[in-house]
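Hi everyone, thanks for coming along. Please bring the structure up on your screens, and we'll walk through it together.

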Amino acid sequence: MESHRHTGPGSGSSAAGSKDTACAGVLNLKHKEMTAGTIRHIELRYNVNGKAELTTEAELHPVYPKWDVVFTLPESIPASIEDEVSVIGMDKRKLAPDEISADGTTVTLRELELQPNNGIDVLLYLNAKVIPPVCGSGYTFAAASAVQGKGFSQGTGTEQAILTSVSTVSDLKRVIPVERYSEPDYTRTQLSWITPQGAAQVSVELSDDRGASWKEASFTTQQRIVTADDVDKIQSISGQLVDRRSPREVVELDRIVVGLHEIPEYPPGTQLTIADVSNLGLNRHYMFRLRVTGGDHAGLSNTAAYFTGTFNIVNYGAIAAERAEDAVDNTEAIQAAMDAAAASGGGTVYVPPGIFGQGTIHLRSHVYLYLAPGSVLWGLSGAIDDRGVRLNQYQDGGHSFHHSAMFYGLRLDNIKIIGTGTIHGGTGMRTGDPASGSGLADKQVSITLCTNYEFGGYGAPEGTYELSDKTDKLIIQRVGHFQLLSGGVDYIDIHDVYVADEDTEKQYEDGRLLGYVGGKYSNRDIFDLMSDSYVSITNIYAEFAADDIVKLGSDYALGFVRHSGHYRVDRIEAWTWCNLFQIGSETVGDISNIHVSNITVHQAEKSGFSISTNDGTVVSNLLLDGSNEMTGTKTPITMTISNRGRRPGGPEAALVGGINRVTLKNIRITEARGIKSGETWAPTICGYFNEDTGVTHYAEHIALENISLVTKAAHPTRTPAQVSRGQEPSDPVKDAVVLEMPTRYPSAAGNYNVAAPGQRPAYGLYARHIKHLTIRNMAAAYEEGHDDGRYAVVLDDVIDADIDRLSLPKFSAHHHALVKTIRSAGIQIANSRPLEDTNGTTELTEAEYPALHE
């Protein structure tokens with residue numbers, strides 16, 4: 001065995017257990033056994049010990065001590081600059097030359113911020129290493145750490161991990177396809193392994209009696225070589241995007257890669273054998289192994305497990321109730337089924353018809369939770385695992401505490417919650433922050449730093465269908481603050497979901513549901529995606545949510561800035577007191593390459609479509625197209641920039657974001673007023689003037705095409721913030737002075753929301769601080785009796801605007817002009833005209849407004 005040599009700073013300076021020595025951490029290997037002579041990635045996982053305890057009262061901008069971490073490697077597995085490291089879940093980076101000792105046996109990482117509890121503090125990736133010869137006592141890796149003011153830990157005991165090199169095949173595993181769920185054929189499975197060189201024969205053996213006896217399986221094989229494209233195409237290993245850049249480059253949005261993708265485990269050039277094993281009996285536990293004859297790796301391999309059926313939670317002690325009030329706590333039974341499936345290398349956990357109470361279920365990699373028709377998973381008060389402490393106060397408690405959920409996952413791969421049953425928050429769900437130790441949840445699903453997450457039902461077997469049809473959808477109800485809170489998750493597929501409401505007061509007119517107007521509510525945000533990438537969200541119907549339906553953003557809950565991109569959102573229909581589609585308000589990392597289409601808004605007390613970048617995010621390369629309908633929206637379209645600064649440095653750092661290359665097409669807007677509030681604000685696109693720095697941050701390259709809007713009279717004519725600045729509600733609404741977004745949050749002038757600028761002097765479009773605005777084929781009008789004299793379009797500090805085919809009402813006694821420009825330059829208007837007489841219309845005809853689709 002190669003000797004272990006601890007050479008880190010402070011080595012031997014303090015005795016074990018001394019107050020001057022950092023506490024011993026824990027070091028693990030992802031794979032503890034590998035085959036000699038093969039080329040493998042070696043992954044070391046290290047957690048320090050002795051982090052500072054934080055509470056919700058932690059100061060807004062805390063300063064944490066820094067850590068140094070030293071890895072000591074065997075001489076035959078030295079580090080190089082091709083190896084990588086990931087700290088607290090941040091993107092991988094290459095090791096720097098000054099972090100590696102001359103002989104490659106020591107890696108020293110200095111000044112690390114390790115306060116966040118993201119599962120693993122430091123991941124060291126030793127890439128494409130030749131596994132050394134068999135050694136009786138193995139190859140020892142060690143790690144040691146030192147926090148400011150203390151010496152290094154000793155790098156012994158729990159800080160050591162041993163890699164065992166063997167002569168036989170050690171990587172036999174069951175292949176679980178990473179793809180959208182479909183009912184599997186349990187009588188067959190696939191196995192894979194690195195092809196043993198020089199072998200005369202390789203046979204697959206199976207056992208159905210826990211290894212007491214073995215026989216040859218029925219199988220066929222094929223060969224596959226891992227290519228560089230397999231790695232580069234996905235660019236993700238263990239949940240971390242490789243070399244993630246601030247994603248501002250333009251991509252073709254109809255070709256963006258989203259959804260589920262297999263993550264390569266082997267280096268390029270690795271030759272794999274894939275075996276298809278068939279003729280297996282149902283509902284039986286199998287073990288598989290290889291018998292290799294001849295060559296360097298002759299002998300018996302490691303084993304792989306498989307259960308040819310589902311893991312029914314009833315078989316693990318779950319008890320169904322007929323009524324929700326009779327539901328008992330089945331948390332242990334459901335968790336036991338999940339863990340049994342994981343021990344078999346993955347599988348499907350089956351929830352049969354009936355009501356099953358639960359607390360927090362910890363999800364497992366390669367384990368699918370399937371809800372049969374008629375099944376209900378019911379959250380129970382007092383049963384939720386609400387462990388964990390808040391890292392900081394940059395974001396609200398709901399975004400900071402990840403454990404308080406019915407389903408929780410951290411650093412997992414290939415997880416699913418699917419079927420056509422119901423997930424109900426029950427008595428365990430709250431829409432606000434639960435008190436610590438209360439056993440209550442504010443989330444149905446919370447996943448962090450995971451890959452390949454699927455959630456949803458089946459959808460229509462052929463073509464599209466009415467989104468309001470519950471058939472073949474997964475139903476969610478009483479979701480609390482979030483149905484989904486995902487942080488740093490890549491490869492998400494959410495589809496065919498029905499959001500039910502049971503609590504909120506409704507308003508009808510002539511038997512038609514206008515909207516939700518008051519009373520108790522139990523659904524806030526539905527899908528809240530923080531710093532995620534490669535996301536598909538399709539076929540969603542929401543009866544009602546008090547907050548956003550689909551929200552993309554990026555907060556600081558992970559303890560670092562993570563850029564994200566590649567989203568596909570299609571066919572969403574909803575009522576909401578907030579926004580149907582929103583980017584924001586938590587916006588720390590850049591977000592780009594977003595394709596949204598076919599949204600139907602029945603009610604939005606903020607916006608149907610909103611971008612609100614407040615904390616430094618640049619939102620770029622976004623397209624909304626298809627056929628989009630908005631009714632009962634206070635502000636149908638909103639794009640704003642502010643300097644709220646929910647990040648280190650706060651607003652004083654002036655890390656202001658931006659909005660760039662956004663195109664919105666094919667939107668028909670009617671009854672443009674909030675149903676609950678009665679308020680109306682014009683579609684608004686605003687850059688930001690920072691009063692502290694005197695710098696204007698422009699939104700750039702904004703395009704509106706094929707927009708039809710019929711609006712109502714403004715109410716109120718001034719907001720309290722405008723009145724506090726000397727404006728009078730009795731003054732003509734067309735003379736309203738729009739406020740800049742506040743430089744401090746919160747402020748007397750409001751916050752980052754759509755109301756902050758106050759009433760607008762336009763009804764069709766208010767645009768300010770924009771460079772390169774394009775409008776093509778836009779029509780706007782009032783409903784009968786609602787002409788309040790506002791301008792159709794106001795352009796304030798707009799530089800270079802190309803307007804073609806703008807159709808507006810005729811001049812009336814209220815109007816001095818239809819389009820008003822302030823401090824603007826380069827404005828070109830062509831092929832535009834007043835409409836004959838549309839004040840009083842409720843719908844624009846094709847004669848007055850060209851068809852939505854050209």
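Let's begin with the aromatic rings. How many aromatic pairs does the structure hold? The count is 18, and please keep in mind that this is a predicted model. Take Tyr-541 and Trp-575 as our example: their ring centres are 6.2 Å apart and their planes meet at 75 degrees, so the pair is edge-to-face. For that label, the planes have to be over 60 degrees apart.

Are they buried or exposed? Tyr-541 is buried, with a relative accessible area of 9%, and Trp-575 is buried too, at 8%. Both values fall under 20%, which is the cut-off for buried. These two also belong to a cluster: ring pairs link Tyr-498, Tyr-516, Tyr-521, Tyr-541, Phe-544, Trp-575 and Trp-577.

The charged end of Lys-92 sits over the ring of Tyr-125, 4.0 Å from the ring centre. Over at Tyr-698, the charged end of Lys-771 sits over the ring, and there the distance to the centre is 4.7 Å.

Let's stay with strand S41 for a moment and find His-566, which is part of that strand. His-566 has a positive phi of about 70 degrees, although it is not a glycine. Why point that out? Most residues other than glycine have a negative phi. His-566 is buried, with a relative accessible area of 18%. Arg-805, in strand S54 (residues 791-808), also has a positive phi, about 65 degrees, and is not a glycine. At 26% relative accessibility, Arg-805 counts as partly exposed.

While we're on the backbone, here are two peptide bonds to find. As background, most peptide bonds are trans. The bond from Gly-584 to Ser-585 is cis, with omega near 0 degrees, and Ser-585 is in strand S42 (residues 579-587). Another cis peptide bond joins His-715 and Pro-716, with omega about -5 degrees. Pro-716 is in the loop between strand S52 (699-711) and helix H4 (720-724).

On to the sheets. Strands of a sheet pair through backbone hydrogen bonds, either parallel or antiparallel. What order do the strands take in the open sheet of 5 strands? The order is S1-S3-S8-S5-S6, with antiparallel pairing. Strand S1 (26-29) and strand S6 (93-94) stand at the edges, and each has a single partner strand, so one side of each has no neighbour in the sheet. Further in, strand S3 (residues 39-47) and strand S8 (residues 122-130) pair in the antiparallel sense over 7 bridges.

For the parallel kind, go to strand S45 (residues 618-625). It is mostly covered, with 8 of its 8 residues buried. Strand S43 (residues 591-604) pairs with S45 in the parallel sense over 6 bridges, and Ser-592 has Ser-620 in S45 as its bridge partner. S45 also pairs with strand S48 (residues 658-672), in the parallel sense over 6 bridges. In that pairing, Leu-622 stands opposite Val-662 in S48.

The structure holds 3 cavities of 30 Å³ or more, and the largest cavity has a volume of about 50 Å³. Among the residues that line the largest cavity are His-399, His-402, Met-530 and Asp-555. Strand S31 (443-448) and strand S34 (480-487) each give two or more residues to that lining. By class, the lining has 5 nonpolar, 6 polar and 1 charged residues.

Then there is the second largest pocket, with about 510 Å³ of space. Of the 26 residues lining this pocket, the closest to its centre are Arg-174, Val-175, Ile-176, Pro-177 and Pro-184. Its lining has 10 nonpolar, 8 polar and 8 charged residues.

Definitions and conventions. Residues are numbered from 1 along each chain as its sequence is written. This is a predicted model: local features need pLDDT of at least 70, side-chain atom pairs count only at pLDDT 80 or more; totals for chains, interfaces and linings use all residues. Side-chain values use heavy atoms; hydrogens and water are left out. Two strands pair if DSSP finds at least two bridges between them. Helices (H or I, at least four residues) and strands (E, at least two) are DSSP runs, numbered from the N terminus. Rings of Phe, Tyr and Trp (its six-membered ring) pair if their centres lie within 6.5 Å; planes under 30 degrees apart count as stacked, over 60 as edge-to-face and the rest as tilted. Buried means under 20% relative accessible area, exposed over 50%, partly exposed in between (1.4 Å probe, protein chains only). A charge sits over a ring if NZ of Lys or CZ of Arg is within 6 Å of the ring centre and within 35 degrees of the ring normal. On a 1 Å grid over the protein atoms alone, a cavity is a set of points where a 1.4 Å probe fits but cannot get out, and a pocket is an open set with protein on both sides within 12 Å along at least five of seven lines; lining residues have an atom within 4 Å of a point. Grid points are joined across faces, edges and corners, and a volume is the space filled by probe spheres set on the points. Ala, Val, Leu, Ile, Met, Phe, Trp, Tyr, Cys and Pro count as nonpolar, Asp, Glu, Lys and Arg as charged, and the others, Gly among them, as polar.
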